[in-house]
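Reader: I have a model open and would like to talk through the terms used to describe it. Could you take me through them?

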Number of protein chains: 2
Amino acid sequence: MARSALSGPGGREQGGETYTLDSRPGREPDMSADPQQAPTALTDDELRTLDAHWRAANYLSVGQIYLMGNPLLTEPLSPEHVKPRLLGHWGTSPGLNLVHTHLNRVIKARGQDALCIWGPGHGGPAVLANSWLEGSYSETYPDVSRDAAGMDRLFRQFSFPGGVPSHVAPETPGSIHEGGELGYSLAHAYGAALDNPDLLVACVIGDGEAETGPLAASWHSNKFLDPVHDGAVLPILHLNGYKIANPTVLSRIPEHELDELLRGYGHSPIHVTGDDPMTVHRAMAAAMDDALDRIGFLQRSAREDGVSERSHWPVIVLRTPKGWTGPAEVDGLPVEGTWRSHQVPLSAVRDNPEHLRQLEAWLRSYKPRELFDEHGRPREQVLACVPEGARRLGSTPHANGGLLLRELPLPPLDRYAVPVDKPGATLHEPTRVLSDLLEHVMHATHGRRDFRIVGPDETASNRLQAVFDASGKAWQAQTLPVDEHLDRHGRVMEILSEHTCQGWLEGYLLTGRHGLFSCYEAFVHIVDSMVNQHIKWLRVTRRLPWRAPIASLNYLLTSHVWRQDHNGFSHQDPGFIDHVLNKSPEVVRVYLPPDANTLLSVADHVLRSRDYVNVVVAGKQPCFDWLSMEQAKVHCARGAGIWDWAGTENGEREPDVVLACAGDVPTQEVLAAAQLLRVHLPELSVRVVNVVDLARLLPAEEHPHGMPDAEYDALFTRDKQVIFAYHGYPWLIHRLAYRRAGHHNLHVRGYKEIGTTTTPFDMIVRNDLDRYRLVMDVIDRVPGLAVRAAVLRQRMEDTRLRHHAWIREYGTDLPEVADWTWDG
Amino acid sequence: MARSALSGPGGREQGGETYTLDSRPGREPDMSADPQQAPTALTDDELRTLDAHWRAANYLSVGQIYLMGNPLLTEPLSPEHVKPRLLGHWGTSPGLNLVHTHLNRVIKARGQDALCIWGPGHGGPAVLANSWLEGSYSETYPDVSRDAAGMDRLFRQFSFPGGVPSHVAPETPGSIHEGGELGYSLAHAYGAALDNPDLLVACVIGDGEAETGPLAASWHSNKFLDPVHDGAVLPILHLNGYKIANPTVLSRIPEHELDELLRGYGHSPIHVTGDDPMTVHRAMAAAMDDALDRIGFLQRSAREDGVSERSHWPVIVLRTPKGWTGPAEVDGLPVEGTWRSHQVPLSAVRDNPEHLRQLEAWLRSYKPRELFDEHGRPREQVLACVPEGARRLGSTPHANGGLLLRELPLPPLDRYAVPVDKPGATLHEPTRVLSDLLEHVMHATHGRRDFRIVGPDETASNRLQAVFDASGKAWQAQTLPVDEHLDRHGRVMEILSEHTCQGWLEGYLLTGRHGLFSCYEAFVHIVDSMVNQHIKWLRVTRRLPWRAPIASLNYLLTSHVWRQDHNGFSHQDPGFIDHVLNKSPEVVRVYLPPDANTLLSVADHVLRSRDYVNVVVAGKQPCFDWLSMEQAKVHCARGAGIWDWAGTENGEREPDVVLACAGDVPTQEVLAAAQLLRVHLPELSVRVVNVVDLARLLPAEEHPHGMPDAEYDALFTRDKQVIFAYHGYPWLIHRLAYRRAGHHNLHVRGYKEIGTTTTPFDMIVRNDLDRYRLVMDVIDRVPGLAVRAAVLRQRMEDTRLRHHAWIREYGTDLPEVADWTWDG
C-alpha cells in the first residue's frame with residue numbers, strides 16, 4: 001500500500017486545516033499542535049507495549065473467526081483446527097483494536113472513567129478480544145479463562161452454535177450498543193454522556209454507518225450537551241474506506257471537504273492517517289492526548305470559568321486500511337485495504353491448502369509467542385496499557401447501567417388525581433394531568449439528574465408543558481430574547497428527529513437512568529427499527545444474570561390517530577402497537593388508559609418498571625373522567641374489567657351483549673352507545689368491558705399478562721355477541737384473541753386506512769366506530785333484535801346521515817355529538 | 001424586527017464565504033458576485049409584479065385558513081365569515097409563496113422545465129394559493145374557478161369536512177410530496193431529477209425538517225447525481241427559525257458554521273436574508289439567477305466539455321421571518337418571526353372582536369383590490385411572472401408521472417427460467433436467477449434510462465451482481481483503481497441509507513419511471529414510516545381521476561430471517577409484511593415465491609403492475625427448484641395451490657391433513673415433512689398447499705386478491721387439520737384467516753423472537769418450523785395417530801435432540817439435514 005503514513009500539515013492538501021481548534025477571535029484559545037512536530041512523549045518502550053497489545057488483539061480476532069483448536073499455534077495449523085463454517089467480520093477489527101489499545105492508554109494514564117460505543121458492530125471479534133485481554137471477559141464468564149483453555153473457548157464459541165454472536169451484543173461485557181443495524185452509535189454515546197459529568201464516552205463511527213440518516217442527524221447532538229453536567233463524547237470517525245462492496249462516501253470526498261462537514265457539525269477535527277503501525281501508534285497517541293486535553297479545557301472553561309459559549313468538541317478522523325494486517329492478496333486479488341476484507345478474507349480454508357498456509361502465516365505474523373506465555377496468558381508487555389478494575393472498558397458499570405440505577409422518586413398519585421365523584425361529569429386533558437406528575441418527578445430529580453424527557457418538538461404540543469416549571473429544554477446553541485424555556489442545563493430534550501430522541505433515551509437508560517419519550521403516535525413508526533433492536537437487546541439481557549435490570553423504555557404516544565383534525569390522513573397510524581406486539585412478550589407492554597386518572601396509574605406503573613418497552617397511548621384533548629383515582633388503580637392493576645355502572649346487567653343472568661373498548665375515543669363511543677341502548681332498549685342486558693392492558697387479551701401461555709381462559713370467559717362470556725371498539729387496526733384484537741372461546745362472536749371496530757378531511761367525530765363515523773354504528777351492530781348481531789329494534793336502527797342510521805350533511809355545511813360536529821354528556 | 005435586511009459580504013460575519021463558488025485552483029471558475037453590488041437587472045416594474053404575486057399568494061393563504069365567506073373583503077369582516085374551526089399552518093406559507101413567486105420568474109424568463117418539492121408540507125395553503133393563481137388548480141378542479149366563486153370554494157374547502165387536507169397532498173396539483181411527516185423532500189427531489197436531464201428540481205427544505213435523519217443523510221445524494229444524464233437539484237434551505245415550539249438548530253448556529261456544513265455536504269451556498277419585502281425580492285431574484293447560472297455552467301461543463309470532476313451545486317439559504325407579514329403581536333406577545341405563528345396566529349376569531357379586527361387588518365394589508373378585479377380574478381400585474389402551460393409548477397407532467405410512464409421492456413421469462421424436469425432435483429439461488437432477468441431490463445432501458453435499482457450496499461451481497469453487466473453503480477466521488485463497477489452514468493444506486501434509497505426510488509417512480517429496491521428483510525423496517533406515507537399517497541391518488549397510474553414500488557427482501565448465519569438475532573425480523581398488510585388493501589401486495597422460477601414469475605408481475613406497493617421475499621441461498629417455468633406461471637397466477645405431486649391424497653376423499661407453506665424455507669421443511677410421512681405413514685392422505693400471494697388468505701371482501709370461501713375451503717378443507725409453516729410471525733396467518741371455516745383447526749408455525757447463535761437448520765428447529773416438528777404436529781393433531789405413530793414421533797424427537805448435540809460439537813448441521821434431497 002502506498003498511502004501517506006501520517007497525516008500532518010505538510011502531507012495534506014490544505015495546510016493548517018486540522019490539528020487546530022477553531023481559532024476565530026473570541027473563540028477557544030489556539031491550542032493547535034502538530035503531533036508530528038511535537039508528538040506525545042511516548043518512549044519506544046511504551047510504543048512497543050501498545051503495539052504488542054494491538055497485535056494480541058488482532059491475533060485473538062483472527063483466531064475467533066477461524067480456529068476451533070490449536071489456539072496458540074503450538075503445532076502447525078491443520079484443517080481440523082479450522083472451523084467448518086467461517087463466519088464473522090475481519091475488516092473493521094484491526095481499526096477497533098487500535099482504538100481500544102489507545103483508549104486503554106489514556107484511561108490508565110489519566111485515571112479517566114470511560115465507556116466506548118463500538119459503532120461498527122461487525123467488529124465483534126475485536127471487542128471480545130480486548131475484553132478477554134483485560135480480564136473483564138473471564139470475570140464475567142469464568143469458564144472462558146485468561147489462559148490457553150479459555151482462549152480455545154473464546155475462539156470456538158465465536159459465532160458457533162450455542163456460542164456468542166459475531167456482533168458486539170448484549171453478551172459482550174462493556175457494551176451498550178448492539179452491532180448489526182447501523183446508525184445509532186453516536187446518539188447512544190450522547191445518551192450515555194448526559195448527566196455523567198466525569199465520563200468520557202468514546203464513539204467509533206464506521207464510515208458505512210456515517211451514511212445512514214440517524215447517524216447523520218445525531219452529529220448535531222452537540223448542541224444539546226451541557227459541558228457542566230454532562231460528560232464528553234469523543235467521536236472517532238473510522239474511515240477504512242469500504243462498506244460491504246462499495247467505497248464509502250466520506251472516504252471519497254477531499255479531506256478539506258470532510259473537515260468543513262465536521263466543522264459544520266460543530267466539531268474540531270483531528271486527523272490520524274496511515275498504514276505503518278508504529279507511525280500510526282505515535283499519531284494516534286498524540287491525537288488521543290490532544291482530544292482529551294481539549295475536552296478537559298472545554299469542561300474546565302464551562303465548569304470553573306463559567307464560559308457559556310457552545311463548545312466545539314474534538315473529533316478524531318482515523319484513516320487506516322480495511323482489514324489492515326490481514327492478507328494483502330488472496331487468489332491474485334487485492335484484499336487488505338479493500339472491501340474484500342469485509343468478512344472473511346480467506347474462505348474455504350479447510351479445503352484449500354494455500355488458504356490454510358496463508359492463514360497460518362497471517363496468524364504467526366502477530367508473533368503469538370511474544371504475546372502469550374506457554375499457558376496462553378497475555379504477557380506483561382501486552383497488558384502494560386490496560387487500566388485497572390472498573391476503569392477497564394469491559395468492566396465499567398456504566399455499560400451495565402442497572403448497577404447504577406436508583407428508584408425514581410414518584411409521588412403519591414392522589415396528589416395529582418382529578419376528583420371524580422361520578423363518571424363522565426367532568427373533562428380533563430389526560431396528558432396535561434400527567435404533566436403535573438412529571439413536573440414533580442423532574443423537580444425531585446433536580447439534584448440527582450437521572451430523569452429526562454425526550455421528544456421531537458412536541459412536549460408543549462402534547463400538553464406536557466408543566467414540566468418546564470421544573471426543567472427547561474436543553475440547548476447550547478444561540479438564544480434570543482423571545483425564546484422560552486431554553487436552558488443550558490435543561491433535562492427536557494427536543495430535536496426534530498425521532499431517531500435522535502430514541503437514541504439519546506436508549507443510551508441514557510442503558511447507562512442506568514430513567515426517561516420518557518413523548519411522540520406523535522403516527523410518527524413513532526420512524527423508530528420501528530430502533531425499538532426492534534432495543535427489544536432484542538432486553539430480550540437477551542434478561543437471560544444474562546450479570547446484567548442488572550434497567551429502567552423501561554416508556555413511550556407516551558399522543559396526538560393519536562383519532563384526533564388529527566389539523567393534520568389528517570398523513571398523521572393517522574395506530575400500527576406501532578402491532579409492531580411491538582410482534583416482539584418478545586416478556587419485554588413488550590401496551591396500555592390504553594381511557595382517561596386522566598388511568599393515565600396517571602399507568603404512568604406510575606411504567607416509570608417503576610424494569611426491562612420493558614412500555615407503549616402508552618393517551619389523548620391530549622379534553623376527555624371525560626370516568627374513574628376516580630382509587631377505581632383507576634384497581635382497574636389498571638386488573639388491566640381489563642367490567643364497568644358495571646356503565647352497563648345494564650343485573651347480575652342474575654349473563655348479559656345479552658358485551659360492549660368492549662380499548663382506548664379513550666373508543667371508550668367514549670361505547671359509553672355513548674350504552675347510554676343509547678339503556679334509553680331505547682332498556683330491557684336489553686348490556687355489559688361494558690374496558691381493556692387498559694392490551695396483552696391481557698392474549699392467552700396466559702403467550703404473554704406474562706395474558707388472561708387464563710376462565711377469566712376471559714368471565715369477562716367476555718363464552719357465547720354472547722361481543723362488539724369491541726378498539727383504538728387501532730381492528731384485526732389486532734383478533735390476532736390477540738383468536739384462541740378464545742366464542743371468537744366467532746367477536747366483532748371489532750377500529751381504524752382503517754380511509755382518512756380524509758373531516759371533523760373528529762366524522763373520522764369516527766367513517767371508521768364505523770361511532771356510537772350509532774355500535775348500536776346498529778348490537779341490533780344486527782344480538783338474536784331477536786333485528787325486527788324489534790328496526791325503528792331504533794333506522795334512527796341511528798338517520799343521525800349518521802344528518803351528521804354527514806351537517807359537517808359539510810357548518811364545519812363542526814352535530815350539536816348532539818359536540819354537546820353529548822354521560823347521564824349515567 | 002431588526003434583522004439585517006440582506007445578506008452580503010459587508011453584513012456578514014465572515015467576509016467572502018458566500019456568493020462564491022468554491023474557487024480552489026483547478027475547480028470551477030470564480031463566478032462570485034455580490035447581488036447587492038451587481039443585482040439582477042430587475043426593473044422596478046418587475047419588482048412590483050413579483051411583490052404583487054407574492055401578496056396575492058399570501059392573501060389567498062390567509063383566506064384559506066380563516067374564511068368561509070366574503071372572500072374579497074367586499075364588506076367588513078364579520079364573525080360568520082370566519083370558519084368555526086381554524087385549522088392550518090401560516091408560519092411557513094409566506095416563505096413558500098416567496099419561493100414560488102421567484103421560481104415562476106426564472107422558469108418563465110429561461111423557459112426552464114421545473115418541478116418543486118415543498119418540504120414544509122404544512123404550507124398547504126401556499127402551494128394551493130399559487131396553483132390557483134396560475135390557473136393549474138381550476139384546470140384540475142373546474143368547480144374551483146379562478147374567480148370570486150372559485151376563491152370562495154378554495155377558502156371554504158381548505159381543511160374542511162369533505163374538502164382538501166391542510167398539507168401539500170396528492171390532491172395538490174404539481175405535488176409529488178406529501179407534507180406532514182418530515183425528512184424526505186431532498187431524496188424525493190433527487191429521485192425526480194435522475195434521468196431527467198432538462199429538469200430543474202427545486203426543493204424547499206424547512207429548518208425543522210433539516211433536523212431529521214433522513215434529510216441529513218440525503219444531502220450526500222449529490223455524490224450520485226450524474227450531471228450528464230440527470231437534471232439539477234436546487235435545495236433551498238428555508239431558515240424561518242422555528243419549529244412548533246422551539247428554535248431550529250440550523251438557524252442558531254453561526255452562518256460561517258452553516259456554510260461549512262453545506263460546503264462539507266458538497267454544495268456552494270448562496271444566502272438571502274431579510275425581512276423587507278422589496279429588498280428580499282431583489283436579493284432572491286439575484287440568488288435564483290446566480291444559482292441557475294451556476295447549474296447551467298456545471299451542466300455544460302459536464303455535457304459539452306466532458307468535465308468529470310464532481311460538481312459543487314449551489315444551495316440557496318433563505319432566512320426570512322416565520323409568519324412573515326402576519327400579525328406582529330397578538331394579545332401582547334410577539335408572533336411574527338416566532339414559533340407562535342406556526343399554526344394559526346389569531347385564534348378564536350369568531351368570539352374575539354380584537355382578533356377579528358386584527359385578521360381583517362392583516363388581510364387588507366395585502367391590498368386585495370390591487371390584486372384581484374371585481375370578479376375575483378387575479379389582475380394582470382399579479383400574473384405577470386407566471387409561466388405558461390406545462391411550465392407552470394402546478395401543471396408539470398413530471399408531478400403526474402403516470403402521464404410520462406412507458407411500459408417496461410420485459411423479456412420472455414422462459415429465457416431466464418431454470419429447467420425443472422422433476423421437482424427438487426436441482427438447486428439455484430433465486431435472486432441470482434432473477435439477476436439475469438434484471439440485467440436484461442437494465443440493458444433494454446440503456447437508452448431510455450427509466451429503470452433503476454436501489455439498495456443499501458447489498459446488490460452484490462444479495463446476488464444481483466449480473467446487473468452490473470448492463471449498468472455500473474452511480475458514483476460521482478473519487479474512484480481508485482481497485483474499485484469495481486463504479487460508473488458516473490450508472491443506474492444501480494447504493495448508499496448505506498435505506499431512507500435515501502427509498503426516497504430516491506419514490507421520487508423516481510412518482511415522476512413516471514420504474515425501479516426496484518433490494519434490501520435486507522430485517523432492516524427494511526427502517527423505512528416503515530416512509531412506506532406508510534407512500535401507501536397513503538397511492539391510496540388517495542387512485543381516487544383522483546386526473547392522476548395517471550405510476551409504476552409500483554417493488555421491494556425485493558432477501559437475506560431474510562431464516563438465513564442469518566453470519567448475523568444472528570439482530571438481523572431477524574419478518575415483520576415488514578405485517579406492517580404493510582395493515583395498510584390499504586387496494587395498494588399492498590405480498591409475495592413469497594418458494595423457488596427460482598416462481599420468483600421470476602412474481603418479478604415479472606410486479607414490474608408490470610401499477611400503483612401498488614409489492615413486497616417480494618426471496619432467498620439468496622441455494623434453494624431447491626420445485627416448479628418449471630410453466631408450472632410457476634400458473635401457480636403464481638393462482639397465488640395459492642395444491643402441490644399434488646408432493647402429497648399423497650388420491651382424489652377419492654378429502655385428505656387426512658393439510659400441510660401448508662408460504663416462503664422458501666417453510667416450503668422446504670413442509671416437503672421434507674411430507675416425504676417423512678409418505679415413507680413412514682404411507683396410508684395417511686396428506687395434501688401440500690403452497691401460498692405465494694399472501695393476501696389470497698384474506699376474505700374476498702377484505703382484499704382484491706382475497707379468496708372466496710368456497711375456494712379456500714376447497715384448498716384447505718372445512719374441517720381437517722391444517723399445519724401451516726409460515727415465513728414470518730405465525731399470528732399473521734391467523735389475522736388473515738380468522739374468518740375462515742375450520743379456523744380452529746389451523747396451526748401455524750413461524751418465526752418467534754428467540755434468536756441466538758445457530759446453524760441455519762438449528763434456527764428452524766428452535767422455531768419449531770422444522771420437518772421433524774411438523775411431522776410431530778401431524779401426529780399430535782390428526783385424530784387417531786397419537787398411539788399408532790408413537791414410535792415415529794419419538795424418532796422425530798430423537799433426531800431433533802441429536803441435531804442439537806451435533807451442531808454444538810461440529811458447528812454444522814446433521815448430515816441427514818445438510819444432504820437431504822427430495823426423492824419424490
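Predicted model: local features only at pLDDT ≥ 70, side-chain atom pairs only at ≥ 80, totals over all residues.

Reader: What makes a residue part of the contact between chain A and chain B?

Author: Contact means heavy atoms within 4.5 Å. Chain A supplies 131 residues and chain B 130 residues.

Reader: How do you know what area is buried between chain A and chain B?

Author: Buried area is the accessible area (1.4 Å probe) that two parts lose on being put together, summed over both. Here that comes to about 10,200 Å², with carbon and sulfur atoms giving 55%.

Reader: Why is the pair B:Asp483 and A:Arg252 called a salt bridge?

Author: The rule asks for a side-chain nitrogen of Lys or Arg within 4 Å of a carboxyl oxygen of Asp or Glu. The closest N and O atoms of B:Asp483 and A:Arg252 are 2.7 Å apart, so the pair qualifies.

Reader: What about A:Asp195 and A:Arg452?

Author: Their closest N and O atoms are 2.9 Å apart, so that pair is a salt bridge as well. The pair links distant parts of the chain, 257 residues apart: A:Asp195 is in the loop between helix H6 (185-193) and strand S2 (199-206) of chain A, and A:Arg452 is in strand S9 (residues 451-455) of chain A. Helices (H or I, at least four residues) and strands (E, at least two) are DSSP runs, numbered from the N terminus.

Reader: Why is the aromatic pair A:Phe517 and A:Tyr555 called tilted?

Author: Rings of Phe, Tyr and Trp (its six-membered ring) pair if their centres lie within 6.5 Å; planes under 30 degrees apart count as stacked, over 60 as edge-to-face and the rest as tilted. With 5.6 Å centre to centre and 35° between the planes, this pair is therefore tilted.

Methods. Residues numbered from 1 in each chain as written. Chains lettered and ligands numbered in written order. Heavy atoms only, no water.
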